[in-house]
Every structure is written in structure tokens, then in C-alpha cells.
Amino acid sequence: MNIMYILQICIGFIGLILIAIPFSSNRKIINYRHILSAIAFQLFLAFILIKVPVITNLFSYLADAVAALQIATGKGTEFVFGYLGGGALPFDLAQKGSALIFAFSILPFIIVMSSITAALWYWGILPFIVNIFSKICQKLFNIGGPIGLGAAANVIVGQVEAPLLIRPYLTKLSNKELLILMTAGMSTVAGSIMVALVSMLQIQFSDLNLIQHFLTASILSVPAAILYANILMPSNEITDFEGDETPKIYENTMDAITRGTRDGTDIAIGVGSILIVFIALVYLVDSILGIFSIGNQALSLQMILGYIFAPIAWLMGIPWDEAIVSGKLLGIKTALNEFVAYAELANLQEGLISDKTKLITLYGLCGFANFSSVGILVSGISAMSPERKPDLIKVSLKALIGATLASCMTGTVIACFI
């Protein structure tokens, strides 16, 4: 790592913090010690998760488990959908890879993983891991038990499911704590979605353990989310647990599996529906923008977003000559959807950007920070606590800004280690 790149990374950390400060509700009481603690904690976690052999070996076992899950899911889709779900084709392929149908080959992973996650939660395996991470965050960032649990749980469960774990406390949380909950929800990716994304990106990242990088990205984004919430709405109000800290969600194993399957089906249908609508909208917008041109190139939504987000891509440690390509993907994720952005990343032309830039971009895209997620979170949490809907709406824009920057900060952190 040369001196100029080190300087770029340092500017990146400072720049990503400075972008958030103008949006703060009270700049005078921002606790900069918490900011430094969060960055240091991210760097420490990244070193452990990327460089320590014991942990990397554990991730290799997880990769084997994901591969087994993919095969097992394929057996189920083949039985239900036949050759559309991966079964033997009754015809010869004209083009390699053309038999991969997103609805039948990718979305079923969300359903299966959601069911497995629910079972692991009922058995107490996932709550044990989440509670450890939660307590570390509570100590480092001076946050209460409920919000620590809610934020940490986003690494495993979805952005709407995580608030269910602290449902009795939603009415008591301060606006700053609601902001942390929403920011963490939008800056991480649930376990059920991870497996689907791994399947999408395997061709582009065939030599990497993608489950390791997605899990690392989500884990690193939790302290980053708390960091940005502390900047955007600084406050010392803390809500703590009263009594039992381990809420009961499922009645038994079968209840966990069936409810997990139902929830996963809802998520899969939602993801598919959003992709259909957003890809159609992008095509319509590009059709209109294509009337105009810059030089010899037709204007497009991707081009506009690329120029807007290119400076942020540079702050993540990406060379300027590749920043527009990466910035385009960051913009697509924020304006549209992370699945659309990852689909674009998966189909990038060979040699357009370096492998290092691809990996940093993968980290920057990891999260649900987009406008549709804002609506999902506000409606989901307000359904659990209707009286907090005005407060949720009030902090929602800050949450979107914080979550977007948190994922980018995670990209900058990982740029230090690759």
C-alpha cells in the first residue's frame, strides 16, 4: 500500500464523516470519541474477520454449508418446477447460462434460508451470537440493551423482523434509538438475502468466499450505523431492558420452520415484484433520457448516478478512473434497489474495473439503504407501534443518509485490508 493510497484512505474516513455532519440535528454535542471508537472497532473487526486464520477457516466451513444449501434447495426447486428450477433440460442450450431463471433459481434460496434462520433462532444458537455482539456495542457506544439487540440482530434477520425482538420497548425508545434501529436495518443484509446474493455473484467472484465477505460487511456496518446515528441525532438518552432479555418468538421447531417459510415466501415475492417494477422504471427513464447525449454517449440514469456518487466511491478507496463505474452501482442501489445494483455488478464487462474495486464495491452495496426500504421500515415498525409513526417518518431521511454512508464506510475499512 503506497503513501498516496494511504492518504486517500485517510481522506476517505474524514470525508465520509464530514458529509454527515451538515445533516446533524445538533452539531455542538456530537461525541467525536464515539466516532473514533466506532472506526477503530470496525478496523479491529475487519482484521479478525479477514486476516485471522481461525476465523477464515470457520468461514470456509460456512461456504461449504452454503454450497450444500444451494444443492439442497436445487433439489426442491427441481421437484416443484422441473427444468425451470434446475432439472434436466428437454432441449439443448443455445447460450451458456441462459437456463438460469432468477425466479426459480435465486429467489428459492431466500425461502429456505429464512426457514433455517428461524429454526436456528428458536434453538438459541443465533440469539447467543447476537447477544454477544449486542453487549459489545452497548459497552463501546453507550447504548441500551434493547437497541443493542435490535441493531445487532440485523446481521441475521431482516430489517422488519429485527424490531420484533424488542417490540415491547418500541414505545419507549428515543428518536435517536429509533434512528439507530432504522440505520442498522438499512445498512446490513439479512442472512436469507445473503445466500441469494452469493448465488447471483458467483460467476463474477468465483475465486472468493462470498459468504465471508457478505457476513463481514453486515457485521462491520452495525458499528458504522451507530456511528452515523450518533452524528445525525446526538443524544445521551438510553432505554434499558426491564426483566427478560430474550424474547420468545416461536412456540416450537415446527412453528419456527413454517413461519420462517411463510416469511421467506413474502420476502421472495416482494424482491421479485420490486425487481420487475424498478427494472421497468429504469428502462422507461433511460428511454426518455436517451433523447439527450453527452459527447457521443446517450444520457442515462446510470450515467447521472455514476457522476453523483463517483466522489463517494473515491472516498471508499477506489481509483478515480474506476470511481464512475462504482459510483453508478452505488447510485442504483440508493435510488432503486440493492438487487438491481448487484445484478449490474454480476454482469459487469470483464476488465472494466479491477478485482479490488469490485470487492470494495460489493461492500459498499451491502445493505437495504434505498427509498423503498424507508417505506418498508416505516410501515413495518409503525404496525408494531402505531403511536411512533410520526417519529419514524421524522428520522427516516436521516436513516437513509446514515445507512448509505455506513455501507460506504465499511467499504473504506475493507480497502485497508485487500
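This report describes two helices, H6 and H14, in a predicted model.

Residues are numbered from 1 along each chain as its sequence is written. Because the model is predicted, local features need pLDDT of at least 70 and side-chain atom pairs count only at pLDDT 80 or more, while totals for chains, interfaces and linings use all residues.

**Helix H6**

Helices are DSSP runs of H or I with at least four residues, numbered from the N terminus. Burial is judged by relative accessible area with a 1.4 Å probe and protein chains only: buried is under 20%, exposed is over 50%, and partly exposed is in between.

| Residue | Relative accessible area | State |
|---|---|---|
| Ser-134 | 1% | buried |
| Ile-129 | 46% | partly exposed |

The side chain of Ser-134 makes a polar contact with the side chain of Gln-138 at 2.8 Å. A polar contact is a pair of N or O atoms within 3.5 Å; within protein, one must be able to donate a hydrogen and the other to accept it, and residues adjacent in sequence count only if both atoms are side-chain atoms. Leaving out residues up to four places away in sequence, Ser-134 touches Gly-145, Gly-148, Leu-149 and Ala-152, where contact means heavy atoms within 4.5 Å.

**Helix H14**

Helix H14 (residues 320-335) has 16 residues and reaches 22 Å from its first C-alpha to its last, close to the expected 22 Å. The expected span is 1.5 Å times one less than the number of residues. In H14, 12 of the 16 residues are buried, among them Glu-322, Leu-329 and Ile-332. The cover over these buried residues includes helix H13 (301-315) and helix H18 (389-415).

Conventions: Side-chain values use heavy atoms; hydrogens and water are left out.
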